[in-house]
Amino acid sequence: MPPPTVLFVCVHNAGRSQMAAGFLQALAGDRVEVFSAGSEPKDQVNPVAVAAMAEEGIDIADNVPKVLTVDAVRASDVVITMGCGDACPIFPGKRYEDWELDDPAGQGIEAVRPIRDDIRGRVEALIAEIAPAG
């Protein structure tokens, strides 16, 4: 059986969704397939998000924001949105969650750390539900 596929979506695909994807990849490994996208992606990942994740030993520096496509949503089992509102297409039979998180854009590292830690906790809970270890 193929691993569950999780898509993280925020507007710019530069902060929250990149951090969430980084945690899910690092913590779940091969047990989950991870994608992230944005409805209006930026040119690069937020450098403060990169720095905050580096503190956790997770490197997201080479990630590139991607535009959200209908195909990406269709291919995913779980779609987690982070404040992208109505931009996310809805397909029946998928699991949708909306994570209310502050946007790290324009924030310093002190403000981004608690967002990062919140995301980690949510990702750990998600893994326990969809891809528990052994």
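**Exercise 1. Find which residues M82 touches in this predicted model, leaving out residues up to four places away in sequence.**

Solution. 
Step 1. Start in strand 1, which spans residues 5-10.

**Exercise 2. Decide whether M82 is buried or exposed.**

Solution. 
Step 1. Read the relative accessibility of M82: 0%.
Step 2. Apply the cut-off: buried means under 20%.
Step 3. M82 is therefore buried.

**Exercise 3. Classify the aromatic pair formed by F8 and W99.**

Solution. 
Step 1. Two values describe a pair of aromatic rings: the distance of the centres and the angle of the planes.
Step 2. Check the distance. The centres of F8 and W99 are 5.8 Å apart. The limit is within 6.5 Å.
Step 3. Check the angle. The planes of F8 and W99 are 55° apart. Under 30 degrees would be stacked, and over 60 edge-to-face.
Step 4. The pair is tilted. The count of aromatic pairs is one.
Step 5. Locate the partners. F8 lies in strand 1, and W99 in the loop between strand 4 (95-98) and helix 4 (109-130). They are 91 residues apart, so the pair links distant parts of the chain.
Step 6. F8 and W99 are both buried.

**Exercise 4. Describe the backbone and surroundings of N13.**

Solution. 
Step 1. Locate N13: the loop between strand 1 and helix 1 (16-28).
Step 2. Read phi. It is near 50°, a positive value in a residue other than glycine.
Step 3. Check accessibility. N13 has a relative accessible area of 0%, so it is buried.

Terms used: Residues numbered from 1 in each chain as written. Predicted model: local features only at pLDDT ≥ 70, side-chain atom pairs only at ≥ 80, totals over all residues. Heavy atoms only, no water. Phe/Tyr/Trp six-rings, centres within 6.5 Å; stacked < 30°, edge-to-face > 60°. Helix = DSSP H or I, 4+ residues; strand = E, 2+ residues; numbered from the N terminus. Buried < 20%, exposed > 50% of the residue type's maximum accessible area, 1.4 Å probe, protein only. Contact = heavy atoms within 4.5 Å.
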